[in-house]
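This briefing covers the salt bridges of one protein model. Please have the sequence and the coordinates open while reading.

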Amino acid sequence: MSYRYPVPSAKVPARGGRALLTFEDKSLALFNVADHFYAIDDSCPHQGASLCGGRLDGRVIQCCAHGLRFDLASGYLLNSTQLKVASYPVECEGEQLFIVVDTEEAGQ
């Protein structure tokens, strides 16, 4: 089962931008890369540092704390399938964006 979290219009990032969102007890980072939206957990799976403020290069985000780089589309650490940040589908209906969160993940 999943929940569609509506992104407030004021929080939708412009092209090349990002926004930090809170959904229940989760912090999510939303990125706009060439008008394609990606949503991930804001916590690096290595030691929990925020990813929202990291260096963005295309669809790759680099953690500020230790330099780990994650693909926003898959959530995986670059060149590895051993470490992954949770990523969420982003849907658009007209002008409204939704982040789709699995209800089991939302409760974690």
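Buried means under 20% relative accessible area, exposed means over 50%, and partly exposed lies in between (1.4 Å probe, protein chains only). The model is predicted, so local features need pLDDT of at least 70 and side-chain atom pairs count only at pLDDT 80 or more, while totals for chains, interfaces and linings use all residues. Residues are numbered from 1 along each chain as its sequence is written, and side-chain values use heavy atoms, with hydrogens and water left out.

**Salt bridges overall**
- The search of the whole structure finds 5 salt bridges, each a side-chain nitrogen of Lys or Arg within 4 Å of a carboxyl oxygen of Asp or Glu.

**R4 and E93**
- R4 and E93 form a salt bridge with an N to O distance of 2.7 Å.
- This pair links distant parts of the chain, 89 residues apart: R4 is in strand 1 (residues 2-6) and E93 in strand 9 (residues 90-93).
- Strands are DSSP runs (E, at least two residues), numbered from the N terminus.
- R4 is partly exposed at 30% relative accessibility, and E93 is partly exposed at 47%.

**K26 and D41**
- The closest N and O atoms of the K26 and D41 salt bridge are 3.5 Å apart.
- K26 lies in strand 3 (residues 26-33) and D41 in strand 4 (residues 36-41), so the pair ties together parts 15 residues apart in sequence.
- K26 is buried at 9% relative accessibility, and D41 is buried at 15%.

**R59 and D71**
- A salt bridge joins the side chains of R59 and D71 (2.9 Å, N to O).
- R59 is partly exposed at 39%, whereas D71 is buried at 13%.

**Network**
- Salt bridges with shared partners join R4, E91 and E93 into one network.

Technical notes: Helix = DSSP H or I, 4+ residues; strand = E, 2+ residues; numbered from the N terminus.
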